[in-house]
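Please find below a short note intended for a colleague who is new to this structure.

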Amino acid sequence: MKLDSALTNSRPPQYRGTKLSTRHLNLFYGPCQALRDITLDIPERAITAIIGPSGCGKSSFLRIFNRMNDLIPGARVEGSVELDGIDIYHRSIDVVELRKRVGMVFQKPNPFPMSVFENVAFGPRRHGRVSRGELQDIVESSLHQAALWEEVKDKLDQSAFDLSGGQQQRLCIARVLAVEPEVILMDEPCSALDPVATLKIEDLMRRLAEKYTIIIVTHNMQQAARASDVSAFLLMEGDICGVLVEHGPTAELFTKPKDRRTEDYITGRFG
Amino acid sequence: MEIRTAFHKRLREIQDDVLAMGSMVEKATGLSIEALKARDLDLARKIVADDRHINARRFEIEEKCIQLIATQQPMAVDLRAIISVLSIITEIERIADHAEGIAKIVLMIGDEPPLKPLIDIPRMADKTNEMLRRSLDAFINRDAVAARRITTEDDEGDDLYNQVFRELLTFMMEDPRTIPRATRLVWVAHNLERSADRVTNICERVIYLVTGKMEEIRG
């Protein structure tokens with residue numbers, strides 16, 4: 001199956017091209033190598049899942065795309081990482097601007113200790129001057145997009161901590177959307193949520209993929225299978241972390257994987 | 001609030017595909033009888049050739065079902081719907097093979113003069129098509145009562161078949177020279193009778209989908 005047909009098959013019809021790409025990417029933490037020679041294209045306006053066993057480098061790989069690894073002392077990147085064809089590790093890149101375009105949602109919902117409204121308004125306020133009216137609009141539209149508006153419209157002034165775990169996670173997604181990103185990175189966004197809240201986030205991701213490029217790291221293979229268009233399988237082989245074994249349309253990878261190691265992993269023959 | 005909207009949309013698309021495949025097969029059966037009545041060999045050849053489109057459609061639907069099972073962890077009625085689809089498309093595809101079989105008989109008959117005007121065979125075909133259409137409606141509407149009712153009508157088809165058979169037997173006994181032509185018409189009727197039986201199998205699957213019970217309607 002071609003990638004195009006996999007995606008048009010009940011998948012976002014707006015799929016156009018490559019949003020992010022890595023070429024011969026290596027990542028080192030001091031003397032340890034965390035990612036090894038990864039060459040991968042991330043399709044635009046689709047959901048790409050990164051799967052693999054614990055410690056294989058999934059999260060390290062995700063954090064490549066908004067340069068979160070820069071914050072780790074001794075981290076070093078080789079090879080190229082491009083966003084819309086621009087090298088994001090070039091000296092001229094403004095990392096704050098990059099992180100505005102490439103937003104991130106974390107494993108545990110991490111709302112700020114402030115009201116629901118202020119959580120979503122925080123980003124737009126920091127990134128530029130906006131009027132009170134504009135801010136209202138941004139907050140409302142972001143909460144709508146995050147499928148949370150109906151549940152919180154009467155408690156915008158309440159503390160974000162009053163919301164349930166699933167609502168808090170959708171609030172964090174609304175917070176990312178408020179700064180109008182192009183890419184949303186999600187690092188195990190549902191691992192702290194119950195099954196129904198998980199399915200709600202997945203359904204939300206499907207709707208967001210009509211507009212945004214989403215990359216999700218998950219140790220839950222069933223989630224990757226349910227929610228993504230494209231999957232990439234990373235593996236640790238012996239002492240070597242971050243080997244990209246296989247990637248392709250999710251429906252293909254989970255029904256007829258090409259690599260024996262992928263087959264063994266998804267069928268539970270090792271892991 | 002529906003949560004798994006994307007998955008349920010894909011499930012509905014598969015059901016639409018099944019309906020579309022059903023229409024293709026209904027048309028093939030109808031045309032095979034037209035070809036028989038009109039001795040239209042070109043039409044018969046076209047029916048034989050077009051069967052591959054129906055087979056392709058079946059594999060396409062099967063592939064979609066496999067993907068949904070592998071990726072979406074369907075449960076309860078959703079799982080039963082997908083399992084039912086896998087059975088139903090096999091039955092529909094076999095009905096198409098029966099239509100193709102009739103078209104091949106038409107090619108065998110060639111331009112031999114007709115034995116008699118065809119009346120009961122077209123009625124059998126109409127009845128089979130009507131049952132197929134209603135069984136697929138019952139599938140879409142999750143209507144086990146309607147499905148069960150259709151299975152009781154299969155007896156009507158069997159009666160028609162026996163009637164055709166007896167009549168053709170009379171021809172053969174009166175004039176053995178008609179045996180080749182009459183036998184071919186018996187084959188046509190037999191194909192239609194088999195198609196109606198396959199509709200019964202579809203109805204069994206609809207009942208399973210709705211009630212969760214697997215039962216043989218006519219043991």
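1. A salt bridge is taken here as a side-chain nitrogen of Lys or Arg within 4 Å of a carboxyl oxygen of Asp or Glu. By this rule, one salt bridge is found across the interface of chain B and chain A. Glu63(B) and Lys256(A) form a salt bridge in which the closest N and O atoms are 3.0 Å apart.

2. On the basis of the note: the model is predicted, local features need pLDDT of at least 70, side-chain atom pairs count only at pLDDT 80 or more, and totals for chains, interfaces and linings use all residues. Residues are numbered from 1 along each chain as its sequence is written, chains are lettered from A and ligands numbered from 1 in the order in which they are written, and side-chain values use heavy atoms, with hydrogens and water left out.

3. Seven residue pairs between chain B and chain A, both residues at pLDDT 80 or more, are in polar contact (a pair of N or O atoms within 3.5 Å; within protein, one must be able to donate a hydrogen and the other to accept it, and residues adjacent in sequence count only if both atoms are side-chain atoms). On the side of chain B that touches chain A, the elements giving two or more residues are α1 (5-38) and α2 (41-72) of chain B; helices are DSSP runs of H or I of at least four residues and strands are runs of E of at least two, numbered from the N terminus. The largest share of that side, seven residues, comes from α2(B).

4. Contact (heavy atoms within 4.5 Å) involves 15 residues of chain B and 17 residues of chain A.

5. Over all chains, the structure holds three aromatic pairs (ring centres of Phe, Tyr or Trp, the latter by its six-membered ring, within 6.5 Å; planes under 30 degrees apart are stacked, over 60 edge-to-face, the rest tilted). One of them, Phe112(A) with Phe122(A), is tilted, at 4.7 Å centre to centre and 55° between the planes. Phe112(A) lies in the loop between β6 (102-105) and α4 (116-127) of chain A, and Phe122(A) in helix α4 of chain A, 10 residues apart.

6. Phe233(A) and Tyr265(A) form a stacked pair, 5.0 Å centre to centre with 20° between the planes. Phe233(A) belongs to strand β9 (residues 230-237) of chain A and Tyr265(A) to helix α11 (residues 260-266) of chain A, so the pair ties together parts 32 residues apart in sequence. Both Phe233(A) and Tyr265(A) are buried (under 20% relative accessible area, with exposed over 50% and partly exposed in between; 1.4 Å probe, protein chains only).
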